[in-house]
Amino acid sequence: MNCGSCGRAHGAGARFCGGCGRSLALRCPACGAEGKPDAQFCEACGASLVARPEPGRGADVVDDAAARKVVTIVFADLIGSTSLHERLDPESVGRLMDRYYQVVREPVEAHGGSVVQLLGDGVMCAFGVPHVAEDDAIRAVRAAVGMQRAFREFAREQSDVAGNLGLRVAVNTGEVVVSDEHRAGLGDPLNVAARLQQEGQDGDVLVSHSTQRLVSALVTLTPVGVFSLKGRSETVAAFRVVSLDRPAGAPATAFVGREDELRRIMAVYDAAVAARRARLAVILGSPGLGKSRLITELARRLGERATVVTARCDAAGGATFAPLAEALRATLHLDAGASGEALRAAIEAVVPGEESERARIGGGVAALLAGTPASPEETFFVVRRLLAALATVQPVVLAIDDLQWAEPLLLDLTEHLVQWSTEVPLLVLVAARPELRDTRSSLAAPGGLVSDVVTLTGLDAGAATRLAANVIGADELPAAVAGRVLATSEGNPLFVGELVRMLVHDGALKREGDRWVAGVELAALEMPPTIQALLAARIERLRPEERTVLERAAVVGRQFSRAAVAHLLPGEVGNLDARLESLRRSELVEPDAGWFLGEPALRFHHVLIRDAAYRRVLKNTRAELHGRFAEWVESRVGEAVEHDETIGWHLEQAHRHLRELGPIDAQGRALGERAARYLAAAGRRALARDDLPLAASLLGRALDRLDAADPNRADLALDWCEALLAAGDVGPAQGAIDELGRFTGDSERLRAWHTCFTGQLAALTDPQVLRTTGDAVAAAAEALASLGDAAGEAKAHFVHAVALSRLGKVGACEAALDRALAAARRGGDRRRSNAVL
Ligand SMILES: Nc1ncnc2c1ncn2[C@@H]1O[C@H](COP(=O)(O)OP(=O)(O)O)[C@@H](O)[C@H]1O
Ligand SMILES: [Mg+2]
């Protein structure tokens with residue numbers, strides 16, 4: 001038989017693949033029993049072991065080749081194996097090692113990871129392949145701790161034969177490139193995990209900084225220092241896992257806003273109580289908008305008035321009725337370990353009515369809780385009757401969270417309860433992501449069984465600002481920080497919280513006394529890794545053909561159009577409208593007001609969704625697509641200059657990605673030059689209309705696209721200096737002046753301009769040198785006049801005038817200004833004429 005993972009052929013007795021280390025045994029998709037390597041059908045339940053379509057994809061779909069993904073790597077290594085080889089017969093060592101691999105493998109597979117490579121005694125495992133999930137990192141950490149536990153047991157058993165064995169484990173998260181050839185991904189994160197492991201002690205689970213950022217709210221960690229790892233220049237901060245319990249402290253932040261939503265749900269509840277009939281309210285919203293929190297808040301406000309039964313569906317699937325079983329267990333205060341008899345007795349105690357009916361409900365619910373439910377019809381019946389029994393005491397709220405992950409039968413049960421619970425004050429409250437519109441539309445729109453659908457959008461600015469401050473217990477945040485967080489989060493409460501915590505973590509937001517201040521200047525906000533994981537997992541769950549549309553749209557930008565995406569898709573696309581519609585129903589994209597290059601505009605629902613989709617695309621593909629898109633825009637807009645900035649931006653991105661991939665060839669260089677041309681044209685127009693910050697930014701970016709030796713840099717640097725100094729942006733101005741200085745060698749004209757800019761900067765920053773500045777620029781004015789550069793002459797007189805005015809020489813200053821104005825008029829330099837006037 002062949003390994004399902006790497007394809008290597010094996011003899012009949014093999015249990016693990018010699019090529020990649022995966023278990024050759026097949027797990028039954030239906031009942032979970034392990035099948036023999038060659039079995040076609042499960043011996044426990046008869047299901048097929050051969051045809052195993054992965055969830056969410058049909059057999060006919062080929063996934064797109066390669067993508068960038070964030071995965072979590074666990075690396076485990078054995079301590080003390082060298083002496084094993086000395087002391088034991090090779091055959092015994094072989095047997096021992098087989099056991100060892102199995103011991104470390106089991107917790108990994110139990111937590112949904114896979115062993116991807118065996119390197120001698122080292123075992124490399126990955127979480128996030130072939131599909132990333134939002135909780136990859138935490139599952140990896142739990143698996144790593146599980147490895148250490150299982151290994152302790154193993155080492156104790158083997159200590160007579162094997163002596164002292166130890167295990168070091170490290171976990172690291174990072175971006176890799178995953179392809180058909182490299183299913184576990186290629187990239188530096190794998191090396192970091194392997195190296196970090198070497199810094200650990202026997203029994204340790206070390207976690208790198210990047211993993212820590214994903215799990216620090218979920219498990220207790222302690223810092224162990226910063227390591228410079230062998231063969232690497234960058235250092236890595238590491239943490240040790242202290243326990244799998246949540247860190248102490250950290251209470252939930254106060255609830256804000258959402259009064260209207262709560263009122264609407266409460267109205268459905270009141271109607272259910274008044275009519276003594278089940279009513280259904282639905283909360284729909286993208287991840288992080290606060291669906292779960294809304295359920296909690298509703299339960300809190302109902303307090304002792306109602307019995308709230310809360311079920312949560314799990315992304316990882318699981319038994320159909322498990323979410324409900326867990327919820328009922330909690331409501332009935334039953335232990336996980338209780339015997340069937342005890343369960344039955346406890347249930348019967350709350351069920352009124354006839355003896356035979358009580359026994360039926362007790363038996364049915366007990367079976368449900370034990371994970372062996374009766375037939376669906378019977379289960380529906382007993383759940384309905386149990387809820388009715390609970391509702392004889394006081395109204396009941398059955399909340400089912402994350403219903404988009406429910407199995408179809410659980411959805412059926414939900415509908416059944418609403419339809420058939422008469423004479424029962426019952427609110428069924430479900431929360432789901434917009435994907436529910438595709439999986440069960442009858443539950444996602446009002447009418448029919450649904451009394452109301454509350455669709456969540458971002459918090460309003462006031463509530464979001466309060467939340468941002470509450471997250472860190474501040475009274476108020478600096479306005480600039482609050483503004484940034486609001487803009488990036490768009491009011492999504494999860495994003496607000498994560499962004500603020502990230503700013504604190506990165507030192508961009510600091511406590512000073514009892515105030516919070518902005519630490520460093522805030523550049524564009526990065527996406528917090530937790531959000532990245534969440535959105536990446538959401539995108540990964542899409543069908544490949546929809547995912548491709550999303551990725552291509554991301555190259556265009558936050559806003560795009562159907563035709564733009566069509567142009568970037570490979571080959572013929574027949575069903576683009578259907579794919580876009582499906583993305584719209586999932587609230588990943590939406591129609592936008594206005595037009596995009598003459599077509600109705602579409603946009604990403606959230607800028608972070610765009611960023612997450614973009615991150616998946618290989619840099620080389622990004623470069624190709626940006627280039628292709630720029631050409632498409634060029635071909636559509638003709639001579640219209642208002643698109644220069646857009647075209648320049650796309651060419652710039654294409655060039656930047658190529659450059660990041662390595663040395664650039666002639667074609668790449670030409671791309672950079674085209675980018676520079678567009679950016680420079682847009683920058684010079686901005687300068688002419690005195691939009692100075694924009695001009696400075698565009699001109700600086702244009703320069704960055706050119707090789708150091710490119711002759712066009714000189715004129716660009718000149719305009720860049722002009723924009724920066726006119727804007728009073730003295731910080732970067734010195735760099736711009738130095739850049740111009742590189743080209744003054746054999747050009748008297750550029751030398752004179754250089755003198756002018758140097759003088760202008762000095763006049764702004766260094767009053768000591770005003771006198772020498774004045775003399776130098778006066779000389780420069782003469783030189784530029786004799787060269788016939790009227791604009792330069794005007795510039796020099798202007799700087800001279802500034803220096804003279806600072807020196808308090810009013811008369812001389814006015815004379816210099818007159819000369820500046822005359823030269824500017826001669827040179828047709830309207831901008832400077834206006835500046836002088
Ligand atoms: N109205 C709110 N007030 C305060 N915090 C909120 C609010 N809504 C959501 N949050 C917080 O934002 C985060 C995400 O909310 P959650 O309910 O988990 O979102 P969802 O279930 O829609 O994915 C949680 O930490 C939650 O406590
Ligand atoms: Mg939730």
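Modeller: Start with the make-up of the shell around ligand 1: 8 nonpolar residues, 4 polar and 3 charged. Keep in mind that this is a predicted model.

Colleague: Which residues come nearest to ligand 1?

Modeller: There are 15 residues around ligand 1. Val 256, Gly 288, Lys 291, Ser 292 and Arg 293 come nearest.

Colleague: What does the backbone of Val 256 do there?

Modeller: One of the backbone N or O atoms of Val 256 sits 2.8 Å from a nitrogen atom of ligand 1.

Colleague: And which backbone atoms lie by an oxygen atom of the ligand?

Modeller: Take Gly 290 and Arg 293. A polar backbone atom of Gly 290 is 2.9 Å from an oxygen atom of ligand 1. For Arg 293, a backbone N or O atom lies 2.8 Å from an oxygen atom of the ligand.

Colleague: How much of ligand 1 does the protein bury?

Modeller: The protein buries 81% of it. That is out of the 550 Å² that ligand 1 exposes when taken alone.

Colleague: Which helices supply at least two residues of the shell?

Modeller: Helix H7, residues 291–302, and helix H16, residues 493–505. H7 gives the most, with 3 residues.

Colleague: Which domains does the shell draw on?

Modeller: Domain 3 (259–455) and domain 4 (461–525) each provide at least three of its residues.

Colleague: Changing topic. What is the strand order in the open sheet of 3 strands?

Modeller: The order is E17-E19-E18, and the pairing is antiparallel.

Colleague: Why do E17 and E18 each have one side without a neighbour in the sheet?

Modeller: Strand E17 (559–560) and strand E18 (589–596) stand at the edges. Each has a single partner strand, so one side of each is left without a neighbour in the sheet.

Colleague: How many bridges join E17 and E19?

Modeller: E17 pairs with E19, residues 599–604, over 2 bridges in the antiparallel sense.

Colleague: What is the bridge partner of Phe 560 in E19?

Modeller: Leu 602.

Colleague: Last one, Trp 632. Where is Trp 632 found? Buried or exposed?

Modeller: Trp 632 belongs to helix H22, which covers residues 619–637. Trp 632 counts as buried because its relative accessibility is 11%, and the cut-off for buried is under 20%.

Colleague: How far apart are Trp 632 and Glu 476 in space?

Modeller: They are 47 Å apart, C-alpha to C-alpha. In sequence, Trp 632 and Glu 476 are 156 residues apart.

Definitions and conventions
Residues are numbered from 1 along each chain as its sequence is written. Chains are lettered from A and ligands numbered from 1 in the order in which they are written. This is a predicted model: local features need pLDDT of at least 70, side-chain atom pairs count only at pLDDT 80 or more; totals for chains, interfaces and linings use all residues. Side-chain values use heavy atoms; hydrogens and water are left out. A residue is near a molecule or strand if one of its heavy atoms lies within 4 Å of it. A polar contact is a pair of N or O atoms within 3.5 Å; within protein, one must be able to donate a hydrogen and the other to accept it, and residues adjacent in sequence count only if both atoms are side-chain atoms. Accessible areas come from the Shrake-Rupley method with a 1.4 Å probe; for residues, only the protein chains shown count as cover. Helices (H or I, at least four residues) and strands (E, at least two) are DSSP runs, numbered from the N terminus. Ala, Val, Leu, Ile, Met, Phe, Trp, Tyr, Cys and Pro count as nonpolar, Asp, Glu, Lys and Arg as charged, and the others, Gly among them, as polar. Domain bounds come from an automatic or database domain assignment. Two strands pair if DSSP finds at least two bridges between them. Buried means under 20% relative accessible area, exposed over 50%, partly exposed in between (1.4 Å probe, protein chains only).
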